[in-house]
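Take a moment with the sequence and the 3D view, then work through the points below.

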Amino acid sequence: MEGRDDPRGSAVRRGRSLSRTAGAHRRDGGDPRRGCAGRQGLRAPRPRARRIRCEGRSGGRGSRSGASGGAARREAGARDRRGASGDPETARRTASHGDRSGRRCGGRQGEGSGSATRALVWAGVNELAVEQVEDPTILNAHDAIVRVRLTTTCGSDLHLLGGYVPTMRAGDVLGHEFIGEIVETGSEVKNHRVGDRVVVCSFISCGKCWYCKNELYSLCDNSNPNAGIPEMLWGQAPGGCYGYSHALGGWAGSHAEYIRVPYADQGAFTVPDGVSDERALFASDAAPTGWMGADLGGVRPGDTVAVWGAGGVGQMAARAAILLGAERVIVIDRFQERLGQVEQVIGAETMNYETSEVLAELRETTGGRGPDVCIEAVGMEAHRDRPDFAYDQLKQQLRLQTDRPTAVREAIFAARKGGSVFVLGVFGGFVDKFPLGPLMNKGLTLRFAQQHGHRYIPMLLERMARDELATEHLATHVMPLDEAPAGYGMFKEKTDGCVRAVFRP
Ligand SMILES: [Zn+2]
Ligand SMILES: [Zn+2]
């Protein structure tokens, strides 16, 4: 058996039970497993907080980024001026390597100085703030520090924002999909050097445990220091994920100027020169998640595939199905701008569920049989104008159930006999009225997973370099990190055609 390697630092041990942790809290008032920096829990003071309630707040503050837009050109120009090696900020950070190491475990970094990392933090349900947090530092020899170049919102962040995931704490840095540049490496990092432009998988994998060796990377046994929480909720713990609650490790997220990347040789992938930041960014999560849905959902040449949700993940799943040889791919959503992207960029058919009888039309269009593979890319806050949706929403708001499986149910009803349903949308707990009958009697295969991105990211970057996979159209709004609270408002309300709000720290 592999030795447990606590990614938070060599001096701390991975907790195995909540009771032990709770006891430790009682003894010294703090978490004994804490490292000193680069993760959530220890916060610098908040000298310049911009705290904004996110509910219903949206507006045109972000710059729309399109292939022909002036904003896109301005951003490209700024990127060129900054350059990978000529970046003065990088130079400053790398030059101060000794200082950074020397300050390790030195207490509250950034206090009264301007050197702290700016980040977007969760400040409460539907409350976000841009604050200064501690600089991340190298805690283990296989860590790297990455200066974030672009970091994107994700539909799954909205579950955190809305308070549907219970293990968030005020001050937690959000964000799990990012591309950046390595500014510091631990002594055991062999595959990367300072200056490398890398995209980082949102789930953290050690590369050495049984799960990682079996390519089940998001189930890594070593990357979630808070395993006791999910063990209580789910029986066993998945791996850790950046910026995604304490149940998934309490790792500081990527909506920040700098982020600590543990197991950097395993989780960071060098981006080919010809692939833009805006394209490679989505190799962090949306593209590998979508690819996994098509791959593990069993898409074969000639199949008909239906995808619920035309957000980033749904679009990537549809594109993957096409590249894996599906004959027909149909994407279902209600937002016309997103369906337009599906038709124009992804090359799939679309169905607007507000104007279509989805089940009847899917059946009719497949000669009465139904789709071979159904991929759900919606998650626990699905929407639908139907009685089962109203029932689910009420129960969820009363906290009688944690998730709304509206699209999962529909996918199960739509799939052909003997077909498969793959669930990519994020669910956290328990649901009511789950259709076991059709699953059993139609002989369906139902699968789920958080992304095993390490399987797919190198291949996806190659496809991006060959222009087989375009993703930059998903970044409809690119803006500075200071505007991230407004960006989340826009993303949440899907105003101004927002598919993904992307931040440039
Ligand atoms: Zn994501
Ligand atoms: Zn592992």
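This is a predicted model: local features need pLDDT of at least 70, side-chain atom pairs count only at pLDDT 80 or more; totals for chains, interfaces and linings use all residues.

Residues are numbered from 1 along each chain as its sequence is written, chains are lettered from A and ligands numbered from 1 in the order in which they are written, and side-chain values use heavy atoms, with hydrogens and water left out.

**Zinc ion (ligand 2)**

- Cys 206, Cys 209, Cys 212 and Cys 220 coordinate this ion through their SG atoms at 2.3 to 2.4 Å; donors are N, O and S atoms within 2.8 Å of the metal (3.2 Å for Na, K and Ca).
- Along the sequence, the donor residues of the zinc ion (ligand 2) are spaced C-x2-C-x2-C-x7-C.
- Cys 209 and Cys 212 are buried, meaning under 20% relative accessible area with a 1.4 Å probe, protein chains only.

**Zinc ion (ligand 1)**

- Here the donors are Cys 154 (SG), His 176 (NE2), Glu 177 (OE) and Asp 285 (OD), at 2.1 to 2.5 Å.
- Why is the arrangement around the zinc ion (ligand 1) irregular? Its four donor atoms subtend angles of 85 to 166 degrees.
- The donor spacing for the zinc ion (ligand 1) is C-x21-H-E-x107-D, and both His 176 and Glu 177 are buried.

**Nonpolar cores**

- The largest nonpolar core has 50 residues, and those with the most contacts inside it are Val 305, Val 307, Val 329, Ile 375 and Leu 461; such a core is a set of buried Ala, Val, Leu, Ile, Met, Phe, Trp, Tyr and Cys residues joined through side-chain atoms within 4.5 Å.
- This core draws at least three residues from each of domain 1 (18-284 + 453-467 + 475-504) and domain 2 (286-448), with bounds from an automatic or database domain assignment.
- Another core, of 25 residues, lies apart from it and includes Leu 128, Met 168, Ala 484 and Met 490.

**Whole protein**

- Of the 505 residues of the protein, 60% count as buried.
- The secondary structure comes to 18 helices and 18 strands, taken as DSSP runs (helices H or I, at least four residues; strands E, at least two).

Note on methods. Four donors count as tetrahedral if all angles lie between 85 and 135 degrees; four count as square planar and six as octahedral if opposite donors are over 155 degrees apart and all others between 65 and 115; anything else is irregular.
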